[in-house]
Amino acid sequence: MLKRFTASALYAIRLPINWQPSSNVCLCQTLEFKKNKLEIDNEVALKKIRPKTVPQPKITLLGLENDVSVVTMDVASKMCERRGLKLVKIIDIDTKTQRPVYQMMTANQFLKEDHKNEKSHNQLKKEKTVLINCRIGQGDLESKANNIHKWLSKMHEVRITITGDTANEIADKVIKMTQDYSRVVQRREKGDTVKFQLLPLKKS
């Protein structure tokens, strides 16, 4: 019995053991590390490539009955398109909500609003008066032309009176200097005085 056990033990000791060199083990570990690192890098790259969804800005929308809702511009446009309505901006930015305000309108409401805006745009404000002596220097004349431009841009009517021997020449100069943003009406000459009015150009 003891001899058989001793023989079995000696046989087991003689069996070849599947040992691997330490260099092979290190190489396997290195390859596994590189594989894991490559997978992580790929995931990071995919996250960077994936576009981020930009949140759409909201607007305040007024319905036909002045009911208020907060939606995106795209949603408001689709709502109007489905109902055959017009989407009209009422306020650029509401100071309370920091959102633009739009209103849904029927075709008739839109035409009325458009006509009202056009009328208010072309409605003249208080008259401004300019007195010019024909001995005025070129610099002063240009300064008066700048003032006339400013008043006309704010929808003021400008009444101009020019006096002196060369009043007609000065009048022609003023009209030429302001022709890009004004129209002349009621030019009148009496003695050495020329009078005329400048009105803002009509807005289409």
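**Entry 1**

Strands (E, at least two residues) and helices (H or I, at least four) are DSSP runs, numbered from the N terminus. I noted that the model is predicted, that local features need pLDDT of at least 70, that side-chain atom pairs count only at pLDDT 80 or more, and that totals for chains, interfaces and linings use all residues. Residues are numbered from 1 along each chain as its sequence is written, and side-chain values use heavy atoms, with hydrogens and water left out.

I checked how far β6 is covered and found 6 of its 8 residues buried. Buried means under 20% relative accessible area, exposed over 50%, and partly exposed in between, with a 1.4 Å probe and protein chains only.

**Entry 2. The largest nonpolar core**

Which residues touch the most other members of the largest nonpolar core? I found I132, I148, V158, I160, I162, V174 and F196, in a core of 20 residues. A nonpolar core is a set of buried Ala, Val, Leu, Ile, Met, Phe, Trp, Tyr and Cys residues joined through side-chain atoms within 4.5 Å. I traced the elements that each supply at least two residues of this core: β5 (125-133), α5 (138-153), β6 (156-163), α6 (167-177) and β8 (193-200). The largest share, 5 residues, comes from α6. As general background, I recorded that nonpolar side chains tend to be buried together in soluble globular proteins.

Leaving aside residues up to four places away in sequence, I162 touches I132, A167, I170, A171, V174, D192, T193, V194 and F196; contact means heavy atoms within 4.5 Å. I also recorded a second, separate core of 9 residues, which includes A76, M79, C80 and M104.

**Entry 3. Helix α5**

I compared the span of α5 with expectation. Its 16 residues reach 23 Å from first C-alpha to last, close to the 22 Å expected at 1.5 Å a residue; the expected span is 1.5 Å times one less than the number of residues. The buried residues of α5 are L141, A145, I148, W151 and L152. Seen down the axis of α5, they fall within an arc of 120°, so they line one face of the helix. The arc is that of the directions from the helix axis to the C-beta atoms. The face turned away from this buried side carries the exposed residues N146 and S153. I found the buried residues of α5 packed against β5, β6, α6, β7 (182-190) and β8. Just after α5, M155 takes a positive phi of about 65°.

I listed A167, I170, A171, V174 and I175 as the buried residues of α6. Their arc down the axis of α6 is within 135°, so they line one face of the helix. E169 and K176 are exposed on the face turned away from the buried side. The cover over the buried residues of α6 includes β5, α5, β6, β7 and β8.

**Entry 5**

I turned to β4 (residues 101-105), where 5 of the 5 residues are buried, so the strand is largely enclosed by the rest of the structure. V101, Q103 and M105 point one way from β4, and Y102 and M104 the other way. β1 (residues 58-62) runs parallel to β4, joined by 3 bridges, and L61 has Y102 as its bridge partner. β3 (residues 86-91) runs antiparallel to β4, joined by 5 bridges, and V88 has Q103 as its partner.

For α3 (residues 73-83), I recorded A76, M79 and C80 as the buried residues. They cover an arc of only 95° around the axis, which puts them on the same side of α3. E81 and R82 are exposed on the other side. The buried residues of α3 pack against β1, β2 (68-72), β3 and β4.

Technical notes
Two strands pair if DSSP finds at least two bridges between them.
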